[in-house]
Amino acid sequence: MARRMIALLIESQSKQDRTRFMKAFILDRYKKSGALRLGEMPDPKPRDNDVLVSIQAAGLNPLDAKVRDGEFKLLLRDRPPFILGHEMAGTVVRVGSKVVRFKPGDQVYARPRDGRVGTFAELIAVDEADLALKPKNLSMEEAASIPLVGLTAWQALVEVANVQPGQKVLIHAGSGGVGTFAIQLAKHLGATVATTTSTANVALAKSLGADVVIDYRKDDFENVLSGYDVVLNSLDARTLDKSLNVLKPGGRLISISGPPDMAFAKRQGLNWVLRQVMGFLSRGIRSKAERRGVSYAFLFMRANGEQLAQITSLLESGAIRPVVDRVFPFGAANDAMAYLETGRARGKVVIT
Ligand SMILES: NC(=O)c1ccc[n+]([C@@H]2O[C@H](COP(=O)([O-])OP(=O)(O)OC[C@H]3O[C@@H](n4cnc5c(N)ncnc54)[C@H](OP(=O)(O)O)[C@@H]3O)[C@@H](O)[C@H]2O)c1
């Protein structure tokens, strides 16, 4: 009997010691348009400030494709193999000893901080500071579509631009992931909002509250708009240049698609050489902006659970609604990436 008890104890201890594995989409090496590998990785081990979350849905972003292609190698310092994926929604399984705001069973969502991403997986350990309660009125799929684009729009329009009621704001690519959220946030802040989109998405942009919708297949926004306080650019260098012409003196041009500037390099803690490189890359647009009496800033969004909690309130009040284009099953993550990379998604692409 005693022997049997000891055997059972040893068996249970060795079960606890045994590393458990979860399914995940792994980036084995940086490669342009390379497929992610569905494999197994050890379950994450939460630190004291971490919350272990069972992921029920993950949003996709062009950032995933850019990281996979190696475009952010110098900036983000993630070394393959690692799990890709920058946002998720799910249920808390366990909390670290110092966690105070969350408990097992809570439904949460997050954009985990750089260096600790990996939402195309069954589990993730997220720093408590990056996490917020999931909006109660949203499904897991809808909630997973929000953190990265919601925080991007918040940091651009609230933090950097400090948009005030009555101001005029141009949001480029109004039917995309960032655009669909940013139009609604700018309207909530009391701005008059213009956006650019193709003919097929004019109705969507209007339904999100845009006051002026410019069909870029028919009109050039530069000839239609003037006197704007803020432009949020997510498109190419030509659009960035032309955006200067619609701003009024003192206006702000904020770009999330580059070029990066020195202030960004400093915030990222990059070395002197890289700071000079970033300064050089943005020299043209900065001097053009200066000549016109407007400012230029590059924004690279950051994880922020407090801001995400404020976004939760906006979603729960109905001020902002999620726009999800397609939901793919977990196993079809590579198909979901390919769909996103067509550049034609209306709102967000999610895996579940
Ligand atoms: N720096 C940051 O922190 C940050 C954060 C988020 C995103 N980003 C970057 O911002 C960009 C946009 O991200 P996203 O998630 O919004 O992308 P997305 O959802 O993949 O964008 C797709 C949308 O872009 C629209 N679009 C394409 N070309 C357009 C044009 N010339 N004019 C107007 N609309 C156009 C498409 O609409 P049509 O089919 O109607 O053309 C489509 O609905 C990406 O480069 C991303 O990497 C940066």
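**Entry 1, the model.** I am working from a predicted model.

**Entry 2, the ligand shell.** I started with the ligand and listed what surrounds it. I got 23 residues around the ligand, and Ser198, Tyr216, Met301, Arg344 and Ala345 come nearest. Sorted by class, the shell splits into eleven nonpolar, ten polar and two charged residues. Then I looked up where the shell comes from along the chain. Helix H2 (62-69), helix H5 (147-160), helix H6 (177-188) and strand E10 (192-197) each give at least two residues to it.

Which atoms of Val178, Asn201 and Arg344 face an oxygen of the ligand? For Val178 I found a polar backbone atom, 2.9 Å from a ligand oxygen. For Asn201 it is an N or O atom of the side chain, 2.8 Å from a ligand oxygen. Arg344 also uses a side-chain N or O atom, with 2.7 Å to an oxygen of the ligand. I checked cover next: on its own the ligand has 930 Å² of accessible area, and the protein covers 86% of that.

I counted six aromatic pairs in the structure. I took a look at Phe25 and Phe330: their ring centres are 5.2 Å apart and the planes make 65 degrees, which is over 60, so I logged the pair as edge-to-face. How many residues apart are the two partners? They are 305 residues apart, so to speak at two distant parts of the chain, with Phe25 in strand E1 (residues 21-27) and Phe330 in the loop between strand E15 (324-328) and helix H14 (333-340).

Separately, I noted a charge over a ring: the charged end of Arg326 sits over Tyr339, 4.8 Å from the ring centre.

Last stop was Ser282, which I placed in the loop between helix H11 (272-281) and helix H12 (283-291). Its relative accessible area is 0%, so Ser282 is buried.

Notes: Residues are numbered from 1 along each chain as its sequence is written. This is a predicted model: local features need pLDDT of at least 70, side-chain atom pairs count only at pLDDT 80 or more; totals for chains, interfaces and linings use all residues. Side-chain values use heavy atoms; hydrogens and water are left out. Rings of Phe, Tyr and Trp (its six-membered ring) pair if their centres lie within 6.5 Å; planes under 30 degrees apart count as stacked, over 60 as edge-to-face and the rest as tilted. Helices (H or I, at least four residues) and strands (E, at least two) are DSSP runs, numbered from the N terminus. A charge sits over a ring if NZ of Lys or CZ of Arg is within 6 Å of the ring centre and within 35 degrees of the ring normal. A residue is near a molecule or strand if one of its heavy atoms lies within 4 Å of it. A polar contact is a pair of N or O atoms within 3.5 Å; within protein, one must be able to donate a hydrogen and the other to accept it, and residues adjacent in sequence count only if both atoms are side-chain atoms. Accessible areas come from the Shrake-Rupley method with a 1.4 Å probe; for residues, only the protein chains shown count as cover. Ala, Val, Leu, Ile, Met, Phe, Trp, Tyr, Cys and Pro count as nonpolar, Asp, Glu, Lys and Arg as charged, and the others, Gly among them, as polar. Buried means under 20% relative accessible area, exposed over 50%, partly exposed in between (1.4 Å probe, protein chains only).
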